[in-house]
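I opened these notes to record what I looked up in a structure that was new to me. The entries follow the order of my reading.

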Amino acid sequence: MRKLRNEELNRLDVEAFKEAKKTPLVIILDNIRSLNNIGSVFRTADAFLVEKIYLCGITATPPHKDIRKTALGATESVSWEYCESTSELVSRLKDGGYQVLSVEQAENAKLLNGFSVDEKAKYALVFGNEVKGVGQEVVDMSDDVLEIPQYGTKHSLNISVSAGIVIWDFWSKINK
């Protein structure tokens with residue numbers, strides 16, 4: 001097997017990306033500290049045609065060299081918006097018909113691999129702070145909580161890894 005060159009991958013350019021039909025999915029980053037994690041989420045959102053990323057609270061915004069380092073240009077293709085209050089954003093998205101799902105370990109959380117996606121629904125996925133997770137007020141406001149099953153000794157995954165797993169899972173279920 002021969003590795004493909006970038007030119008052979010037939011990827012969209014930024015203009016074609018902006019015009020492409022998006023996955024009915026928005027991402028909410030709730031007080032993310034790491035600029036590299038933010039950039040990685042942008043890159044994953046680009047890969048799976050996510051509608052938009054909301055950057056909330058202390059989450060940094062582009063342009064920033066450390067976001068750019070991991071986003072590799074995805075801040076130019078993926079729409080984004082800064083919102084100071086995650087809870088106010090969640091209220092607005094719920095009023096707009098989005099089903100809000102926090103990705104967190106919580107009582108009665110649904111395991112991701114058992115969650116059925118409605119292809120007609122619009123989803124907002126909330127990912128939380130690297131140490132504190134999704135804020136409790138936001139968890140309380142969520143329509144549901146999803147948990148990524150884990151079987152080792154660690155209690156959590158890196159937020160950019162979690163986002164990659166959940167975004168891919170939703171994309172694959174929507175596009176089955």
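Predicted model: local features only at pLDDT ≥ 70, side-chain atom pairs only at ≥ 80, totals over all residues.

Which residue forms a salt bridge with Lys176? I found that the partner is Glu119, with the closest N and O atoms 2.5 Å apart.

I then asked where the two residues lie. Lys176 sits in the segment after α7 and Glu119 in the loop between β5 (110-111) and β6, so the pair ties together parts that are 57 residues apart in sequence. Lys176 is exposed, at 76% relative accessibility, and Glu119 is partly exposed, at 39%.

Next I turned to helix α7 itself. The helix covers residues 159-174, 16 residues in number. From first to last C-alpha it reaches 22 Å, close to the 22 Å expected at 1.5 Å a residue. I listed its buried residues, among them Ile159, Val166, Ile167, Phe170 and Ile174. What covers the buried residues of α7 includes α2 (35-47) and the strands β1 (23-30), β2 (50-56), β4 (98-103), β6 (122-128) and β7 (144-147).

Are they buried or exposed? Lys173 counts as buried because its relative accessibility, 18%, is under 20%; Asp169 is likewise buried, at 11%.

Finally I checked the remaining charged pairs. The structure holds 11 salt bridges. Arg2, Arg5, Glu7 and Glu8 are linked in a network of them. One of these links joins Glu8 to Arg2 at 2.7 Å, N to O. I recorded Glu8 as partly exposed, at 26%, and Arg2 as exposed, at 53%.

Terms used
Residues numbered from 1 in each chain as written. Heavy atoms only, no water. Helix = DSSP H or I, 4+ residues; strand = E, 2+ residues; numbered from the N terminus. Expected span 1.5 Å × (residues − 1). Buried < 20%, exposed > 50% of the residue type's maximum accessible area, 1.4 Å probe, protein only. Contact = heavy atoms within 4.5 Å. Salt bridge = Lys/Arg side-chain N within 4 Å of Asp/Glu carboxyl O.
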